[in-house]
Every structure is written in structure tokens, then in C-alpha cells.
Protein chains: 2
Amino acid sequence: VYEFDRATDVSAVAPGRYRGSLDPAWAIADKPNGGYLLAVLTRAAITELGPAYPHPLAVSAHFLSAPERGADVELSVEPLRSGRRAAQTRATLWAADGTRCVEELVTAGTLSPTADPWWAGLPPVELPAPEECVLMPVRPPNARFDVHLMGVVEERLDPSRLSFTLGEPDGIAEVRGWARLADGRDWDPLSLLVAIDALPPATFPLGWMGWVPTIELTAYVRALPAPGPVRVRQRARLVEDGWVDELCEVWDSRGRLVAQATQLAGVRIPEGRAPAAGPPAGASP
Amino acid sequence: VYEFDRATDVSAVAPGRYRGSLDPAWAIADKPNGGYLLAVLTRAAITELGPAYPHPLAVSAHFLSAPERGADVELSVEPLRSGRRAAQTRATLWAADGTRCVEELVTAGTLSPTADPWWAGLPPVELPAPEECVLMPVRPPNARFDVHLMGVVEERLDPSRLSFTLGEPDGIAEVRGWARLADGRDWDPLSLLVAIDALPPATFPLGWMGWVPTIELTAYVRALPAPGPVRVRQRARLVEDGWVDELCEVWDSRGRLVAQATQLAGVRIPEGRAPAAGPPAGASP
């Protein structure tokens, strides 16, 4: 049994009711990772839907209250509609004290193992070879907490986008790199929900190293990923009024786009603090 | 009273229950526009939340069954959580026969009228002046149905991205142009939910002129828009296995990013049909 399957295991306790235990490894400091919570919830949703709709196609979650790392949780699933190509459900993750933590809507269906792109407009992000990238540690230099997630998701990030780790943020709101599950499990539609939220925030290269709690996360799984590591790119487009968006794209080892995501997150930047200066005008990032 | 306010009017009939009537003008052929349904539902959600959380910040909807154009509908709103900066609700739009048509999750809060971007990475899309753009008609040339929505949303699209209207699709999955409400009402956070889904599908320039029904639509409203028309850009990134995504961005008359959206939609392209050839390699779209 692989770590991801153990960490997202849920047991049916009644029709539409599940129980699970959040795995402390899939967390950052004392907070479970948002993509991991998405995967746990979606596993309950997919289980409830049954084998006719095995893959999440579109998942939209709103984060209400962060559950504790390692906590026992309950999950409720409400089927909304079943159609020919897709079925929709709502799923909610509850803390043991009855606090509603995450609610999501899921459209599920079947991704074809033989599908090819009819039209693809987004070439895979260019990356140095994995061995030329920087392996992310569980305890980043100068950090005051552990990124436990890096023990189960192996990330090798493009060093040209990591100057913020040296205290020299470059003002380019993009992080990118390779990701694989550390125990060798291949990616699949469910675990890609972790890949789309596993990179450091794209606000780090802007010089803001603070916490960026997700309030909304939407993921589309577009194809069954081929075995091997995925390429991941995460970018921000606007930081304003206490909020930042991040756009994430994931390509498999064949260079195919297999997942896309967008999130809105809170960011509390102190008054008077300016972003890192970006590249000179005309420079190609 | 402006058209948009009339068309999205909902009446409370009980705690958390509303009634409304879909306006036939906010439709394409016999289907209400997805962004319009989002606005009606979100108006009920925001009304239920009350004045402490006046603006939708993040809205994620899954479309289950298209209601009829002009139909009477019921709306239910379930508050999920109220916090200091934001509140979350779930809202559902029902047809008169009890069919669940659309369900959405909303995070609402207050956008500051004095906020400035802390960091902005997405310059406004370049467009010819509105008078050099092409006004979209209610009955497009060669179409077999009316795009009623163009009677209430005035769109002037960049002619360099409209070769598909001449039967010569250019293979660039992008449409872009100016949008304003036809009766002169200014954009606001609620009506921006229409702006993010009002352009022709980005699959048209790929040579596929068929129906593209939305199954998931997520919108972020990032700032209070200034008076005047907005710039809108809609792009697709992948068409595969019967699905297409579209990414939409909206800038106000000051050139500020005020809304962002992503959607996943179904697309049924017949076997053997190829996309329009794109620009030659190296050409800048």
C-alpha cells in the first residue's frame, strides 16, 4: 500500500457518511495541505458515486476552517445528479467537534486511456533535468517550521526560480519544477489533486514569505497521466486588497497537460512593505 | 431600474428561500447564459448574507441541468460560515419542477474602494479603440439562432481575432474585446459575473462552431471596477476527450485586473474533424 492511498483512505459508516484520519505527513507546519484535503474529500465523493464515474474531472472547494494536522474527520457526500457522461456530488469535510472545514462540488466521469489532444495550446514548462533541480527539504533553510509534505511529495524545483531561498527574491511570481510521489506511486487523477497545490506559493519570489491560506481551489483533471514525474508551474497574477490568485498547470512525462488549477488565497502584507523588484523591462523571465 | 438589476431580481419567500424569473434577454438561443445564472444565484447568496459581506470574492458553480430561457426558478441558500474577512454560503437554483439546475459555493466579503494592487503581473489585453472593434449582433451572420445576450451586453470584439466569423478560423484560441452593459449601467462585482462568460467560445477560432455547454465555472472578483467599459480576454488551453477549458480575464477602464475566471465545458467534435491550422511557428499571435 502506497502512502497516498493510506493517507486518503476513508471508511463508509452509513450511506453518504465516511470517516477518515488526516495523515500528519501531508501537512505544512500544523495545517493539512489544501490539495491533500481536496484528495481526501474527493476520494469520498468518488467512492460514493461508484465505478461508473471513477475520475474527478472538475473539483471546486471552499475552505472554511482548517482542520488540525492528524485529526480524525468525518465526510458527508450528497449526490446531486447522474448523467451519461458525468455525475455531480457535493462533499463536506467535518472536524470531530462538528466544525465544517471544507466543502466542495465535484463533477466526475471517465477519462479515456486512449484520448489524444484535439488541440493543445500550452506547451509544457521548460525545466532543467531533475538532477539539475533543487530537492525541496522538509525543513527549509531559515524556516521555523517543517514542510512535512516534502517527505511524501518529492519536489525538484528549477533553481533559476529559487533566488528567494537565498533571501534574494527576483520579483517573478512563478515557481516551477518536477514532482513525484516519494514512494514511487504513479500519479493518477485523484493524486493530481495534490500536485496542483504542492509547490511553494508564487508570492515567495515577490519577497513575501508569509502564510498564504487558500480560500478557494478549483482543479480540472484533463487526462490520465503517464507514469513518471510531472512538471508543475504555479504563477500569481495579482496581489491586491489582501488576496492573491495562483494559477497552476501540470504536465505528465509525455509533455501532456493533465491538470489545471486556480486558487484564491489570503495574504496579509504589512503596510509599507513593497514587493521585490522584477526583471528589467523587456527581459524575458 | 437597469436591465441587469431587473433580470437578477430575486424575492425572499422564506428564510434561505428565494424566487426569481429568468429574463429571456440573458440567453443564447433557448439557454440562459451561464454567467447570468451565476449572477442570479449569487444575488440570492449575497442577499441572504446581508450587508456585512456585500461582494462575491470567489464563486464556483457546477451546472447540472440547463433551465429554460425565461423560466420561473427557486433558489435556496445555505450559510456555511461567517468570519471576520469573509463568509461562505452554498446556493442552488431549481427549476419549477424541482430539478436541481445549478449549485454554487460562494465566498463573499468586502472589496475596498481604495485598494491598489500591491503587485500586478498581468497587463491589460491590448485592443483597438472600441470604435475600431466589431459590435456583436444578436443574430450573427450565418447563425441559426439568436444570441439574445448581445442585446443587453454590448460587445465590441477585436477584429484581428474574428476571422472565424468569415469562415476562416485562424487557429488561435483567443477572443477579446470591450464589454459594457447596453443600457449604460456600470459594472460592479455582481455584474462582472456576466462579463466573465459573455464572449464567444475560444473554440470558434479553432474552427469548431458548435455548442460548448459549461459544466464548471469559477470566478474571482478582485477589485471594484471603475466606471466605463471593461476589456475581456477569453482563451482555451486544451481541447481533449470531449472537454475544453477557458480562462477569462477582465480589466476595468483604469487597466486594472478586476475579475478572473476559469471554466470547463463539454465539446463534441465529430471524429476526423481537425482544428484550424494555427499561425506559423515563431509568429506572435
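This note sets out points on symmetry, aromatic contacts and cysteines in a predicted model.

1. Relation of the chains. Chain A is superposed on chain B by a rotation of 180° with 0.0 Å of shift along the axis, at an RMSD of 0.0 Å. That is the relation of a two-fold axis. The same surface serves both copies, as 100% of the contact residues of chain A recur in chain B. Within chain A, the residue that comes closest to the rotation axis is Ser60(A), whose C-alpha lies at 3.1 Å.

2. Charges over rings between the chains. Arg85(A) lies over the face of Trp243(B), at 4.0 Å from the ring centre. In the other direction, the charged end of Arg85(B) sits over the ring of Trp243(A), 4.0 Å from the centre of that ring.

3. A stacked pair in chain A. Over all chains, the whole structure holds eight aromatic pairs. One of them joins Trp26(A) and Tyr36(A), which are stacked with 5.7 Å centre to centre and 25° between the planes. Trp26(A) lies in the loop between β2 (17-21) and β3 (27-28) of chain A, and Tyr36(A) lies in helix α2 (residues 34-49) of chain A, so the pair ties together parts that are ten residues apart in sequence. Trp26(A) is buried, with a relative accessible area of 0%, and Tyr36(A) is buried at 0% as well.

4. An edge-to-face pair in chain B. Phe145(B) and Trp211(B) form an edge-to-face aromatic pair, with 6.0 Å centre to centre and 80° between the planes. Phe145(B) belongs to the loop between β10 (134-135) and β11 (153-157) of chain B, while Trp211(B) belongs to the loop between α3 (192-195) and β13 (214-221) of chain B; the pair therefore ties together parts that are 66 residues apart in sequence. Phe145(B) counts as partly exposed at 33% relative accessibility, and Trp211(B) counts as partly exposed at 41%.

5. Cysteines. Over all chains, the count of disulfides comes to zero. Cys133(A) is buried, with a relative accessible area of 9%. In chain B, Cys101(B) also counts as buried, at 1% relative accessibility.

Methods
Residues are numbered from 1 along each chain as its sequence is written. Chains are lettered from A and ligands numbered from 1 in the order in which they are written. This is a predicted model: local features need pLDDT of at least 70, side-chain atom pairs count only at pLDDT 80 or more; totals for chains, interfaces and linings use all residues. Side-chain values use heavy atoms; hydrogens and water are left out. A disulfide is a pair of cysteine sulfur atoms within 2.5 Å. Buried means under 20% relative accessible area, exposed over 50%, partly exposed in between (1.4 Å probe, protein chains only). Copies are superposed by least squares on the C-alpha atoms of residues with pLDDT of at least 70 in both. Contact means heavy atoms within 4.5 Å. Rings of Phe, Tyr and Trp (its six-membered ring) pair if their centres lie within 6.5 Å; planes under 30 degrees apart count as stacked, over 60 as edge-to-face and the rest as tilted. Helices (H or I, at least four residues) and strands (E, at least two) are DSSP runs, numbered from the N terminus. A charge sits over a ring if NZ of Lys or CZ of Arg is within 6 Å of the ring centre and within 35 degrees of the ring normal.
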